[in-house]
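Subject: Structure handover

Hi there,

Here is the structure I promised to pass on to you.

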Amino acid sequence: MESIRKKKEPLNNFSSGSGKFLRPIHDLLSKSSDKAMPDSVSESDLNDYYIPNYILVAGSEATSASHIPACPVIVFINSRSGGQLGGELLVTYSSLLNENQVFDLGKKAPDKVLHELYANLEKLRYAGDVLADEILKRLRIIVAGGDGTAGWLLGVVSDLKLPYPPPIATVPLGTGNNLPFAFGWGKKNPSTDRHSVLSFMEQVKNAKEMKIDSWHILMRMRIPKQGSCDPIAPLELPHSLHAFHRISEKDALNVEGCHTFRGGFWNYFSIGMDAQVSYAFHSERKLHPEKFQNQLANQSTYLKLAGTQGWFFASLSQPSSQSRNIAQLAKVKIMKKEGTWEDLNIPHRIRSIVCLNLPSFSGGLDPWGKPLRKKVRERGFTPPYVDDGLIEIVGFRDAWHGLILLAPNGHGTRLAQANRIRFEFHKGAADYTFMRIDGEPWKQPLPVDDDTVVVEISHLRQVSMLAIPGCRSRSINDLSADGSPDEESDSVEDEYDEDWEERRKFGSADTFKIPDGVDIAHLS
């Protein structure tokens, strides 16, 4: 490793812009590590990930290229995630790689880093630099943080529209870690020692690329005659919406007399009971950050807050405006592929709706599950692929309904699959509602005069993730030979008995209970 860092031989003819290669491309490629990997990862393999300074920092002295890395990486770490783990990972990665490959997201924004890096790579590539050309094609990103941090990086890569956009691997430093779990990277906070980090980088090198859909969300509301339509303190809009904030007057989506927000998400959007629990948790964490220093403590606090929010006896503990079902609050419409809007019938007991892109929610639960082939034929469903341009829409009635997710093949009430979905909140139906995007909740006031609040979700584009073979997420390109969906055995009933629900005398909860041992999603 040290030999690489000390090698500062001038790049022959590079400064003159002659465009001559240092050595034939096949000589360099032959030294890249495409051979079978040893049983254990050693620090001698670091050459496969290392990027020299002249690639990373424009204007640096060029060095001779004696090796092309098989898996050059750029590492972004949220040092505030996972208690002290983020800071420890920052130290470990910096000691193993060129320190200019590793970035603390609290100090430098990823969009600026990637913009500068790709501008330099393109400049060197056009000058005939073999190493720059290969790094451009092979580059992979590692991001360490919660789901919100991972979503931030996905958004940056998507928006920059880079040549050879790099696929992304996620290190789980949050509490729920739905994004890492969906692609096989686990949901428990990792070890931060050198061996663990080396092993993770080895997995990154061997991971496969998988496209995933991204979704555009638009929220529009009439400017109220009185009061404000801004989210209620202490939480603001999620980063994905707050980054755009209100759109400019010149934007084609702007409507005179309305406030319009726009953003995007990759995993899920939800309205109702789950978002309300998450809001209570995030509010408490923002007010008392010293209580939230590790994953286990966070989960324990989340469960305690859920108990105090009246989830198990909602009718006794909550105002009616908070315990209303979705059908009372909003009219829901969907569009299947490109076509016309159609009304989506929402059963009157549904109190939470999740619009799900990935098969991981609330710490690894799968609300959609795997429908039986009979259900697929009868209701026109398709298997839930992460890159098919469709979003799965699932409903939940109460706590007991949510517990079905913990049973083998359990799932929520499958409502629809759609390319677009639209919520039109009824005027005066409630003073506010709770919403959540990829683990980030907020409490949204609803104007009571003149007009409705509209939330519309539509397919946007795709971005590349890195996935461990055998992970839960499935690509439409991974269809079996006959294209048939997986058969579901001993399936939990799609709709549990309404009469049984009526006979239960313990009251109806407004959200499902999360038992011990199940992770909860939130941004870190």
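Which are the buried residues of H6? They are Val130, Leu131, Ala132, Asp133, Glu134, Ile135, Leu136 and Arg138, where buried means under 20% relative accessible area with a 1.4 Å probe, counting protein chains only.

Before going further, please keep in mind that this is a predicted model, in which local features need pLDDT of at least 70, side-chain atom pairs count only at pLDDT 80 or more, and totals for chains, interfaces and linings use all residues. Residues are numbered from 1 along each chain as its sequence is written, and side-chain values use heavy atoms, leaving out hydrogens and water.

Back to helix H6, which spans residues 130-138: eight of its nine residues are buried, so the rest of the structure largely encloses this helix. At its start, a side-chain oxygen of Asp129 comes within 3.0 Å of the backbone nitrogen of Leu131.

Ser81 counts as buried because its relative accessibility is 0%. Its C-alpha atom lies 9.3 Å from that of Pro172, 91 residues away along the chain.

Of the 524 residues, 55% are buried. Among contacts (heavy atoms within 4.5 Å) between residues at least 6 apart in sequence, 80% join residues at least 24 apart.

Enjoy exploring!

Definitions and conventions. Buried < 20%, exposed > 50% of the residue type's maximum accessible area, 1.4 Å probe, protein only. Helix = DSSP H or I, 4+ residues; strand = E, 2+ residues; numbered from the N terminus. Polar contact = N/O pair within 3.5 Å; in protein donor to acceptor, adjacent residues only side chain to side chain.
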